[in-house]
Amino acid sequence: MGLPVLHTIVFRHFCESARWGLQLSHRQFIERGHLPAMNMVTAPKKTIKGTSTPFLLKGADQIGPIEDEMDSWAVLSTCHGPPIPEDLKEILNKTLGPAVRTIVYDKMLYTPDIGKLIAGANPEVLPIWHRWLWSCGMGYLCQVAIQKLLVKDPEHVRRSQVRLDEAVAKVEAKLAEGKSSPFVALPDGSPCMATVAVCALFAPIVSPPLYGYGAMTAPPVEAMQPSVQEFTAKYRGTELGKFVLKTYEEWRVPKEAKIQTPEMLKSNM
């Protein structure tokens with residue numbers, strides 16, 4: 001079929017932004033999921049970005065705006081709507097996104113919650129043998145690597161929390177700009193790519209039920225540990241949290257979404 005292939009860590013927020021952008025724009029693609037740190041082994045090596053995810057590899061039959069290889073921001077730049085303003089992209093890419101990643105891993109990495117995220121992955125996207133490798137000891141090695149590289153130490157987590165709150169304040173100021181806001185809906189009412197990006201990157205903090213649509217079923221907040229539930233409730237009460245939850249509820253399942261897994265393609269041949 002020659003469709004482009006989106007390589008992801010199934011529950012990573014940057015991967016969710018690329019996935020949502022493609023689905024919302026009705027782009028056909030195949031998603032191949034990986035698990036955190038294991039993607040260094042399971043993802044293709046011959047890529048511009050190494051094994052960093054997400055990346056979209058151009059299909060053999062693909063024509064149009066998709067290049068040979070694209071990261072999440074490049075993917076969003078080809079989707080419908082105006083480009084994401086550079087100042088907003090800087091906040092999301094350099095501050096909000098990394099802070100969310102550090103905080104979420106700090107709260108979940110060595111708890112049963114990480115297993116719940118993995119268990120919710122669509123087996124047509126994340127092969128069963130990936131989960132088997134994780135459960136057979138590689139998962140622990142990956143957790144150690146994630147702790148060392150992304151969580152680091154309590155002081156790094158504390159600084160990430162400060163950066164998160166600063167980024168939330170900046171984004172909420174832009175939300176309040178009215179018609180000049182970068183988050184103004186498109187003429188058909190659908191979210192622009194700036195909205196997709198900020199919602200996807202903040203989603204792990206507020207846990208919208210439809211997070212990861214097509215690639216995973218997110219566990220309900222009530223099933224998470226009490227400290228995560230309390231943290232989630234706090235940020236769901238913010239203006240940004242309310243905006244993210246509402247957008248997910250109204251737009252995360254795109255009309256006539258055309259996500260294709262290898263199994264779906266075989267059944268159509």
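Helices (H or I, at least four residues) and strands (E, at least two) are DSSP runs, numbered from the N terminus. The model is predicted: local features need pLDDT of at least 70, side-chain atom pairs count only at pLDDT 80 or more, and totals for chains, interfaces and linings use all residues. Residues are numbered from 1 along each chain as its sequence is written, and side-chain values use heavy atoms, with hydrogens and water left out.

**View 1. The whole chain.** The chain holds 11 helices and five strands. Of its 269 residues, 52% count as buried (under 20% relative accessible area, with exposed over 50% and partly exposed in between; 1.4 Å probe, protein chains only). Contact means heavy atoms within 4.5 Å. Among contacts between residues at least 6 apart in sequence, 77% join residues at least 24 apart.

**View 2. Helix 8 against helix 10.** On the helix 8 side, T195, V198, C199, A200, F202, A203 and V206 take part. They meet L240, G241, F243, V244, L245, T247 and Y248 in helix 10.

**View 3. T247 and its contacts.** T247 lies in helix 10. T247 is buried, with a relative accessible area of 8%. Not counting residues up to four places away in sequence, T247 touches W20, P191, T195, C199 and R252.

**View 4. W20 in helix 1.** W20 sits in helix 1, residues 13–24. W20 is buried, at a relative accessible area of 0%. Leaving aside neighbours within four places in sequence, W20 is in contact with V196, C199, A200, T247, Y248, W251 and R252. The C-alpha atoms of W20 and C79 are separated by 10.0 Å, and the two residues are 59 residues apart along the chain.

View 5. Helix 4, residues 86–108, has 23 residues. From first C-alpha to last it reaches 31 Å, close to the 33 Å expected at 1.5 Å a residue (1.5 Å times one less than the number of residues). A kink of about 35 degrees is centred on L92; the bend at a residue is the angle between axes fitted to the seven residues ending there and the seven starting there. Buried residues of helix 4 include L88, I91, L92 and L96.
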